[in-house]
Amino acid sequence: MSVQSVLETNKQSGRGTLVGYFPAGYPTVEDSIAAFVALAQNGCDILEVGVPYSDPVMDGLVIQKATEKALENGFKLNQLFEVIRGVREQVDKPMLVMSYYNPVLRYGVERFADELKQAGAQGMITPDLIPDEASKWLESADKHDLDRVFLVAPSSSDERVSANTKASRGFVYSVSTMGITGERAEVDKLAREVAGRVSSIGSAPTCVGVGVSTGAQVRDVNTYADGAIVGTALIAAYESNGLDGLIEKTRELASGLG
Amino acid sequence: MSQKLGEQVGPYFGQYGGRFVPEPLIAALDQLSQVYEEARKDPKFQEELAELHRTYTGRPSIITEAQRFAAVTGGLRVFLKREDLNHTGSHKINNVMGQALLAKRMGKKRIIAETGAGQHGVASATAAAYFGLDCVVYMGEVDTERQALNVARMKLLGAEVVAVKTGSRTLKDAINEALRDWVANVETTHYLLGTVAGPHPFPTMVRDFHSIIGKESKVQMLELTGELPAAVAACVGGGSNAIGIFHAFLDDPDVQLWGFEAAGDGIDTPMHAATLSRGAPGVLHGAMSYMLQDEDGQTSESHSISAGLDYPGVGPEHSWLKDLGRAQYHGVTDSEAMEAMKLLSQTEGIIPAIETAHALAGIPHLAKILPAGASVLVNLSGRGDKDMETAGRYFGLLGA
């Protein structure tokens, strides 16, 4: 099923959607495959597969440390496709890769898109690539029918909200707050406003990320957006109690769904 | 190309430059572009900056002919543009005063900065003190250790210094951390980026603030020698002092432009920071430019004895000038730079920063290419006081 149809189906049924982030190759390739399968089997509707990168400027300390660990353990970019294939063999949930731009650029944007498609992923979220700079990726995503998820932030002008929403396919990533990834006690009121601005464009669904870390927040976000994105809290749970911790946290987050 | 080389205003320099940053920062970059554009055309802003340079920075900086140094480095005439005599001891103050004025114009009361050697951090802390702004300086933990005196200077000036403990714990990671801070505090905070890298408008704006170096030099060289120099030389890390002195000469095709990069242990070893000589185009810190990276696009760690050149990226305009062949870039090893530092100290009584010593180490190389007696203008971008601990250890000078 496509990302957009999952979001629409879950919206109509009143369930809402949970998007779960985890880094590929963390702590090892095998472990990360098991983690994604656990996410999928315990309540995540869409999997966000993070690509470890040396300079993750949008990420807080928890994700920084996890991706650094994956790189220390020898993660190579071609293993991303191994992870996607490994997960795809076991579960059929949509998968979006989340990658900073330089690894994709270095690999070759077209080659990356081609292999992404062949491995069984549905598209890519690009945290440091705005549509204005993305002509190569827009072209390759179209060619391979891949989703392309761009960010919209509380600081984005109306023109940019509109342009980024129209350039997106799958969903639009509404950044809940002015800040980097990490758990926050309250998901900003700004999140509601940003998601509302995206929804009013009407061309793509939107999921809210950055700061979402509890089942209650997942519930709250799903009242005004099409889905909630969680990353840091899942990694923290994995760090404290391994796969069991991850499963427990995923279920807690999913308890916020209808 | 109908447009002159010196008239490029970004966001692109050929295929380089751009704004490869997270969406939350775009509004701040748009605001900065607009405010800078207005300020650039505003005679009042330009006059205020010029007045600050006259009465605070200490401009114009003088030119010193280094005759004894020249005599033992191949027989060229060597002219030193003395940016080391600026307040705070390097060229960095030129950009800092300009951006601090812009921060004031935008009503932002807090500035953040990254620093490698500490020169830009000290300059930023200085401007913050002068203008009454809050200042946080991000500095890789490794650099806080090798530049401990500059950490103390920044603190004495009232800045908060944050040691960055992630990644390679050097300049590149300090920039990441500053960008993270900026994403979270963009309403109140100006990111006072210290080099000609980063997303547009930084490469253009920082270049413009440093272009005074080349403009002054051009006039001074004509007065001193009656002609333009045969070559202009500077060290290149991020590339701010180099573009500052190059820019006025870009459209003088007879003037060779030479950038000297940090070759560390040698450009054929893994331990170097010779981004233009050994890197490949990629995206780092918001711009497309040459960078040191592995086959997966992960940024490689750079190495240089000089903290200020220890950076795996470089400003996009340099990448463009390299591809055009307008400027040439050459690697200088740690040991060549240290020898040049000692040589200038002992022939001219001028102790240069280790960064700057890379440009001086390039003089014998230029002497092989240029006719005897040709004039070379070198940007003496900073003084070496901050490097005394490194130099003391390197040359065994510590203790009686």
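The model is predicted, so local features need pLDDT of at least 70 and side-chain atom pairs count only at pLDDT 80 or more, while totals for chains, interfaces and linings use all residues. Residues are numbered from 1 along each chain as its sequence is written, and chains are lettered from A and ligands numbered from 1 in the order in which they are written.

**Chain A as a whole**

- Chain A has 11 helices and nine strands; these are DSSP runs, with helices being H or I of at least four residues and strands E of at least two, numbered from the N terminus.
- The C-alpha trace of chain A spans about 45 × 40 × 30 Å along its principal axes.
- Of its 258 residues, 60% count as buried (20 or more other C-beta atoms within 10 Å of the residue's own, with C-beta atoms placed from the backbone).

**Where the chains meet**

- In all, 32 residues of chain A are in contact with 26 residues of chain B (C-beta atoms, placed from the backbone, within 7 Å).
- On the chain A side, α3 (61–72), α5 (101–107), β6 (151–152) and α8 (158–167) each give two or more residues.
- The most come from α5(A), with six residues.

**A helix of chain B**

- Helix α8 of chain B covers residues 171–185, and its 15 residues reach 21 Å from first C-alpha to last, close to the 21 Å expected at 1.5 Å a residue (1.5 Å times one less than the number of residues).
- This α8(B) is mostly covered, with 13 of its 15 residues buried.

Technical notes
Two residues are in contact if their C-beta atoms, placed from the backbone, lie within 7 Å. A residue is buried if 20 or more other C-beta atoms lie within 10 Å of its own, exposed if 12 or fewer, and partly exposed in between; C-beta atoms are placed from the backbone.
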